[in-house]
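I wanted to see what I could look up in one sitting.

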Amino acid sequence: MTKAIVVKAPGGPEAMSYEDVEVGKPGKGQVLLRHKAIGVNFIDVYHRSGLYPLPTPFTPGSEGAGDVVAVGEGVTNVAVGDRVAYGTSRGSYCAERLIEAAQLVKLPPSISYETGAAMMLKGLTAQYLLRQTFPVKAGDTILVHAAAGGVGLILCQWARALGCTVIGTVGSNDKAKLASEAGAHHVILYREENFAARVKEITGGKLCDVVYDGVGKDTFPASLDCIRPLGMFVSFGNASGPVEAFNLGLLSQKGSLFATRPTLFTYASTPERLRAMADDLMQAIASGAVKIDVHARYKLADVAQCHRDLESRKTTGASVLVP
Ligand code: NDP
């Protein structure tokens with residue numbers, strides 16, 4: 001038996017209960033993993049609320065780090081005692097779990113469990129956004145919404161290291177300070193200022209090569225006004241609610257723009273892709289270009305409070321749960 005968070009029906013933070021559940025033994029290709037830290041992401045809120053429906057009952061969470069305590073038949077990439085992390089396997093809000101070994105990446109001694117649990121889903125997301133969806137190059141100007149959030153702080157650091165001019169939007173002065181420290185050259189308080197007008201001013205009318213938008217409803221369609229002709233709109237999340245009724249014609253009106261709605265689960269869909277992305281992320285961390293700090297810790301049993309804080313825009317950077 002182990003402790004796990006269980007959602008029996010979608011709903012608010014109270015829909016998550018802390019329960020004893022059976023874990024079982026690892027089957028073929030699986031590992032029994034004991035979590036030391038569990039990453040919290042906005043997608044966990046969408047699963048809990050039912051915005052992204054899942055069959056019930058389920059254990060939320062897709063990110064974690066810990067120790068391999070047993071391996072099933074045919075597992076060769078990890079062994080008992082290895083420190084590992086993952087970011088693309090649902091069911092992480094628990095003390096122990098079974099997981100496909102192919103999902104796991106070994107943690108080098110220099111990376112703590114907490115950082116491991118905070119960096120996989122968020123860091124791999126930053127990896128594909130900056131290196132694959134719209135591969136940025138030195139001299140590009142990019143707009144990052146929610147720049148002081150979990151993904152946002154990583155995007156700011158990494159993009160700056162790649163030579164971009166980074167413009168970030170944030171919801172408060174404290175967050176503005178964090179985004180600047182992470183590398184944003186310009187920070188816009190988008191709850192007070194018209195961010196599209198500010199982007200135009202900052203760029204001298206040239207606008208951005210790409211907008212990375214994880215906010216969704218509240219920043220649409222103004223995000224399109226921040227993009228130069230033939231630039232790209234990357235809508236990768238909906239913290240304020242989903243973008244609805246997307247009119248393709250807007251892309252032509254705003255200058256033959258490209259638009260995509262990507263997800264990490266497609267980009268990391270094979271073990272080879274996942275490994276290549278994780279290697280790139282590890283390198284960015286090892287070189288010092290990207291630093292992933294954990295800003296808040298909660299007990300696993302207190303996950304409801306963690307979700308309340310995330311949804312009410314109180315959190316910055318990464319939060320983790322400790323079993
Ligand atoms: P964050 O830490 O960025 O938290 C969300 C932030 O969004 C808040 O802190 C807040 O920052 C901002 N925000 C703006 N409007 C609202 C609102 N109405 N309610 C709540 N928050 C709001 O979360 P994550 O780093 O976990 O994720 C960021 C985004 O990236 C999410 O949309 C998530 O779904 C998406 N994502 C997508 C992935 C993909 O592959 N497609 C993978 C990973 C994440 P502020 O106060 O500064 O406005």
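My entries below go from the ligand to the salt bridges and then to some backbone details.

**Entry 1: the model**

I noted first that this is a predicted model.

**Entry 2: the ligand**

I started with the ligand. How many residues surround the ligand? I found 29, and the closest are Lys175, Tyr190, Gly214, Leu264 and Arg313. I then looked up some atom distances. A polar side-chain atom of Tyr190 lies 2.4 Å from an oxygen atom of the ligand. For Lys175, a polar side-chain atom is 2.7 Å from a ligand oxygen. Pro262 uses its backbone instead: an N or O atom there lies 3.0 Å from a nitrogen atom of the ligand. Next I checked how much of the ligand is covered. Alone, the ligand exposes 900 Å², and the protein buries 92% of that. I also looked at pockets. The ligand takes up the space of the largest pocket.

Which helix gives the most to the shell around the ligand? I wrote down α2, with three residues. Helices α1 (42–49), α2, α3 (150–161) and α9 (303–311) each supply at least two residues of that shell.

**Entry 3: salt bridges**

I searched the whole structure and got 16 salt bridges. I followed up a few of them.

Glu96 pairs with Arg34, with the closest N and O atoms 2.8 Å apart. This pair links distant parts of the chain: Glu96 is in strand β6 (residues 96–100) and Arg34 is in strand β3 (residues 30–39), 62 residues apart. Is Arg34 buried, exposed or partly exposed? Its relative accessible area is 41%, so I filed Arg34 as partly exposed.

Asp280 forms a salt bridge with Arg131, and here the closest N and O atoms are 2.9 Å apart. I traced both ends. Asp280 is in helix α8 (residues 271–286), Arg131 is in helix α2 (residues 113–133), and they are 149 residues apart. Asp280 is buried, at 13% relative accessible area. Arg131 is partly exposed, at 36%.

Lys137 and Asp140 also meet through their side chains, 3.0 Å from N to O. Why did I mark Asp140 as buried? Its relative accessibility is 4%, and buried means under 20%.

**Entry 4: two cis bonds**

I looked for cis peptide bonds. One joins Thr56 and Pro57, with omega about -10°. Pro57 sits in the loop between α1 and β4 (63–71). Another cis bond runs from Phe220 to Pro221, with omega near 5°. I placed Pro221 in the loop between β11 (208–213) and β12 (227–235).

**Entry 5: positive phi**

I then checked phi angles in residues other than glycine. Leu230 has a positive phi near 70°. Leu230 is in strand β12, and I noted Leu230 as exposed at 52% relative accessibility. Ala245 has a positive phi of about 45°. Ala245 is in the loop between β12 and α6 (249–253). With a relative accessible area of 77%, Ala245 is exposed.

**Entry 6: Val320**

My last stop was Val320, in strand β15 (residues 318–322). Its relative accessible area is 0%, so Val320 is buried. How far apart are Val320 and Glu114 in sequence and in space? I wrote down 206 residues in sequence and 7.1 Å in space, from C-alpha to C-alpha.

Technical notes
Residues numbered from 1 in each chain as written. Predicted model: local features only at pLDDT ≥ 70, side-chain atom pairs only at ≥ 80, totals over all residues. Heavy atoms only, no water. Salt bridge = Lys/Arg side-chain N within 4 Å of Asp/Glu carboxyl O. Helix = DSSP H or I, 4+ residues; strand = E, 2+ residues; numbered from the N terminus. Buried < 20%, exposed > 50% of the residue type's maximum accessible area, 1.4 Å probe, protein only. Near = heavy atom within 4 Å. Polar contact = N/O pair within 3.5 Å; in protein donor to acceptor, adjacent residues only side chain to side chain. Areas by Shrake-Rupley, 256 points an atom, 1.4 Å probe, with all protein chains shown as cover. 1 Å grid on protein atoms, 1.4 Å probe; cavity = no way out; pocket = protein on both sides within 12 Å on 5 of 7 lines; lining within 4 Å. Sits in = over half its atoms within 2 Å of the grid points.
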